[in-house]
Amino acid sequence: NFAVDRFSVCLERGGLTKPGWFEWQGQRGTKGDSAFVSAPVVGKHHWVVKQTAVKARTPDGALEDTGLCTDGCGAIVDSGTSMILVPSKHIKVLAKYIQIKTDCSNLKQLPTLHLTLGGHTTAIPPRAYVLRVKKSDGSFRCRSGISTLEKQSQVGPVWVLGLPFMREYVTVFDRTERQGPFSGWEQ
(Lines give C-alpha, C1' and ligand atoms only; values in the text may rest on other atoms or scores of the structure.)
Protein backbone atom coordinates (compact mmCIF):
# COMPACT_ATOMS: atom_id res chain seq x y z
CA ASN A 1 0.00 0.00 0.00
CA PHE A 2 3.08 2.29 -0.01
CA ALA A 3 1.69 4.06 3.11
CA VAL A 4 -0.74 5.99 0.89
CA ASP A 5 -4.13 6.69 2.45
CA ARG A 6 -5.47 9.14 -0.14
CA PHE A 7 -5.00 9.36 -3.87
CA SER A 8 -6.83 11.09 -6.65
CA VAL A 9 -7.22 10.53 -10.35
CA CYS A 10 -7.89 13.32 -12.83
CA LEU A 11 -8.26 12.43 -16.51
CA GLU A 12 -8.83 15.14 -19.08
CA ARG A 13 -11.72 14.91 -21.50
CA GLY A 14 -10.75 14.04 -25.02
CA GLY A 15 -9.68 10.44 -24.88
CA LEU A 16 -6.29 8.84 -25.16
CA THR A 17 -4.44 11.90 -26.46
CA LYS A 18 -5.13 14.00 -23.38
CA PRO A 19 -3.02 13.82 -20.21
CA GLY A 20 -4.13 12.75 -16.79
CA TRP A 21 -2.85 13.13 -13.23
CA PHE A 22 -2.43 10.76 -10.34
CA GLU A 23 -1.93 12.48 -6.99
CA TRP A 24 -0.72 10.68 -3.85
CA GLN A 25 -1.59 11.97 -0.37
CA GLY A 26 -3.07 15.15 -1.88
CA GLN A 27 -5.55 17.46 -0.23
CA ARG A 28 -8.21 17.35 -2.95
CA GLY A 29 -11.61 16.49 -1.59
CA THR A 30 -10.72 16.90 2.09
CA LYS A 31 -13.43 18.00 4.48
CA GLY A 32 -14.43 21.56 3.80
CA ASP A 33 -13.50 21.45 0.10
CA SER A 34 -16.79 22.69 -1.39
CA ALA A 35 -15.84 21.56 -4.91
CA PHE A 36 -16.29 17.94 -3.81
CA VAL A 37 -19.07 15.81 -2.42
CA SER A 38 -18.48 12.49 -0.68
CA ALA A 39 -20.10 9.16 -1.21
CA PRO A 40 -19.64 6.54 1.52
CA VAL A 41 -17.91 3.38 0.35
CA VAL A 42 -20.02 0.30 1.09
CA GLY A 43 -17.71 -2.34 -0.39
CA LYS A 44 -14.88 -4.13 1.36
CA HIS A 45 -12.87 -5.11 -1.71
CA HIS A 46 -13.87 -2.46 -4.27
CA TRP A 47 -14.73 1.22 -4.23
CA VAL A 48 -18.48 0.56 -4.23
CA VAL A 49 -20.94 3.34 -3.53
CA LYS A 50 -24.71 2.89 -3.36
CA GLN A 51 -26.55 3.99 -6.48
CA THR A 52 -30.26 4.67 -6.05
CA ALA A 53 -31.46 6.26 -9.29
CA VAL A 54 -30.78 6.54 -13.01
CA LYS A 55 -32.53 9.31 -14.91
CA ALA A 56 -32.17 10.55 -18.47
CA ARG A 57 -32.33 14.24 -19.38
CA THR A 58 -33.68 14.35 -22.90
CA PRO A 59 -32.74 17.13 -25.36
CA ASP A 60 -36.10 18.82 -24.74
CA GLY A 61 -35.09 19.22 -21.08
CA ALA A 62 -37.33 16.55 -19.56
CA LEU A 63 -35.75 14.46 -16.79
CA GLU A 64 -37.18 10.96 -17.11
CA ASP A 65 -36.78 8.32 -14.42
CA THR A 66 -35.65 5.06 -16.03
CA GLY A 67 -36.76 3.01 -13.02
CA LEU A 68 -33.26 1.53 -12.72
CA CYS A 69 -31.55 1.11 -9.34
CA THR A 70 -34.55 2.29 -7.31
CA ASP A 71 -34.00 -0.68 -4.97
CA GLY A 72 -30.25 -0.02 -5.02
CA CYS A 73 -27.27 -0.87 -7.17
CA GLY A 74 -23.60 -1.04 -6.34
CA ALA A 75 -21.54 1.42 -8.38
CA ILE A 76 -17.85 0.52 -8.55
CA VAL A 77 -15.61 3.47 -9.41
CA ASP A 78 -12.74 1.83 -11.30
CA SER A 79 -9.79 3.42 -13.09
CA GLY A 80 -8.95 0.06 -14.68
CA THR A 81 -12.16 -0.20 -16.72
CA SER A 82 -12.36 1.58 -20.07
CA MET A 83 -16.17 1.66 -20.28
CA ILE A 84 -19.30 1.97 -18.18
CA LEU A 85 -20.57 -1.54 -17.43
CA VAL A 86 -24.17 -2.31 -16.45
CA PRO A 87 -26.34 -5.43 -16.12
CA SER A 88 -27.84 -6.65 -19.42
CA LYS A 89 -31.38 -5.99 -18.11
CA HIS A 90 -30.35 -2.38 -17.48
CA ILE A 91 -28.77 -1.94 -20.91
CA LYS A 92 -32.09 -2.94 -22.48
CA VAL A 93 -33.81 -0.12 -20.58
CA LEU A 94 -31.05 2.37 -21.44
CA ALA A 95 -31.37 1.44 -25.13
CA LYS A 96 -34.80 3.11 -25.09
CA TYR A 97 -33.05 6.42 -24.37
CA ILE A 98 -29.66 5.96 -26.03
CA GLN A 99 -29.76 5.26 -29.75
CA ILE A 100 -26.38 6.23 -31.19
CA LYS A 101 -26.09 6.65 -34.95
CA THR A 102 -22.83 5.16 -36.20
CA ASP A 103 -22.13 8.28 -38.28
CA CYS A 104 -22.20 10.38 -35.06
CA SER A 105 -24.93 12.63 -36.48
CA ASN A 106 -27.21 12.54 -33.42
CA LEU A 107 -24.80 13.27 -30.54
CA LYS A 108 -26.65 16.47 -29.58
CA GLN A 109 -29.94 14.58 -29.35
CA LEU A 110 -28.67 11.96 -26.90
CA PRO A 111 -29.63 12.26 -23.22
CA THR A 112 -27.43 13.10 -20.28
CA LEU A 113 -27.60 10.30 -17.71
CA HIS A 114 -28.13 11.36 -14.09
CA LEU A 115 -26.93 8.85 -11.50
CA THR A 116 -27.64 9.23 -7.79
CA LEU A 117 -24.56 7.94 -5.96
CA GLY A 118 -24.29 8.08 -2.18
CA GLY A 119 -27.22 10.52 -2.09
CA HIS A 120 -25.67 12.94 -4.64
CA THR A 121 -26.58 13.31 -8.29
CA THR A 122 -23.97 13.37 -11.02
CA ALA A 123 -24.44 13.88 -14.74
CA ILE A 124 -22.85 11.71 -17.42
CA PRO A 125 -23.19 13.54 -20.77
CA PRO A 126 -23.09 11.84 -24.17
CA ARG A 127 -19.46 12.96 -24.70
CA ALA A 128 -18.60 10.60 -21.82
CA TYR A 129 -20.52 7.49 -22.86
CA VAL A 130 -20.19 7.71 -26.67
CA LEU A 131 -16.94 6.45 -28.16
CA ARG A 132 -15.83 8.30 -31.30
CA VAL A 133 -13.43 6.18 -33.33
CA LYS A 134 -11.48 7.80 -36.18
CA LYS A 135 -11.58 5.78 -39.38
CA SER A 136 -8.78 5.57 -41.96
CA ASP A 137 -10.59 8.07 -44.22
CA GLY A 138 -10.59 10.68 -41.41
CA SER A 139 -14.29 10.39 -40.63
CA PHE A 140 -15.61 9.18 -37.30
CA ARG A 141 -17.67 6.19 -36.30
CA CYS A 142 -19.60 6.33 -33.04
CA ARG A 143 -20.58 3.52 -30.72
CA SER A 144 -21.68 3.12 -27.15
CA GLY A 145 -19.17 3.23 -24.32
CA ILE A 146 -21.68 1.29 -22.21
CA SER A 147 -21.47 -2.49 -22.15
CA THR A 148 -22.71 -5.37 -19.99
CA LEU A 149 -21.49 -7.05 -16.84
CA GLU A 150 -23.44 -9.51 -14.72
CA LYS A 151 -22.36 -9.06 -11.12
CA GLN A 152 -24.11 -8.60 -7.77
CA SER A 153 -23.02 -6.61 -4.73
CA GLN A 154 -24.39 -6.39 -1.21
CA VAL A 155 -26.50 -3.39 -2.31
CA GLY A 156 -27.76 -4.77 -5.63
CA PRO A 157 -26.73 -5.23 -9.26
CA VAL A 158 -23.33 -3.77 -10.12
CA TRP A 159 -22.53 -0.86 -12.40
CA VAL A 160 -18.86 -0.13 -13.08
CA LEU A 161 -18.10 3.53 -13.64
CA GLY A 162 -14.82 3.37 -15.50
CA LEU A 163 -12.80 5.88 -17.47
CA PRO A 164 -15.80 7.65 -19.06
CA PHE A 165 -16.92 8.67 -15.54
CA MET A 166 -13.39 9.54 -14.45
CA ARG A 167 -12.89 11.82 -17.47
CA GLU A 168 -15.81 13.89 -16.21
CA TYR A 169 -14.87 14.05 -12.53
CA VAL A 170 -11.77 14.26 -10.42
CA THR A 171 -12.06 11.23 -8.18
CA VAL A 172 -10.47 10.93 -4.75
CA PHE A 173 -10.04 7.58 -3.02
CA ASP A 174 -9.69 7.91 0.75
CA ARG A 175 -8.78 4.65 2.49
CA THR A 176 -9.00 6.04 6.04
CA GLU A 177 -12.43 7.65 5.74
CA ARG A 178 -13.76 4.94 3.36
CA GLN A 179 -15.16 7.76 1.25
CA GLY A 180 -15.03 8.50 -2.44
CA PRO A 181 -15.18 12.27 -2.88
CA PHE A 182 -15.91 13.44 -6.40
CA SER A 183 -15.73 16.92 -7.87
CA GLY A 184 -18.15 18.56 -10.20
CA TRP A 185 -21.32 16.84 -9.09
CA GLU A 186 -24.59 18.70 -9.19
CA GLN A 187 -25.62 19.51 -5.66
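**Close-up 1. Contacts of T58 in a predicted model.** In this predicted model, local features need pLDDT of at least 70 and side-chain atom pairs count only at pLDDT 80 or more, while totals for chains, interfaces and linings use all residues. Leaving out residues up to four places away in sequence, T58 touches E64 and P111; contact means heavy atoms within 4.5 Å. T58 is in the loop between β4 (48-57) and β5 (63-65), where strands (E, at least two residues) are DSSP runs numbered from the N terminus. The C-alpha atoms of T58 and L110 are 6.8 Å apart in space, although the two residues are 52 apart in sequence. Residues are numbered from 1 along each chain as its sequence is written, and side-chain values use heavy atoms, with hydrogens and water left out.

Close-up 2. The loop between β6 (73-77) and β7 (84-86) holds T81.

**Close-up 3. The aromatic pair F165 and Y169.** Rings of Phe, Tyr and Trp (its six-membered ring) pair if their centres lie within 6.5 Å; planes under 30 degrees apart count as stacked, over 60 as edge-to-face and the rest as tilted. By this rule there is one aromatic pair. F165 and Y169 form this tilted pair, with 5.2 Å from centre to centre and 40° between the planes. F165 is buried at 0% relative accessible area, and Y169 is buried at 7%.

How values were computed: Buried means under 20% relative accessible area, exposed over 50%, partly exposed in between (1.4 Å probe, protein chains only). Helices (H or I, at least four residues) and strands (E, at least two) are DSSP runs, numbered from the N terminus.
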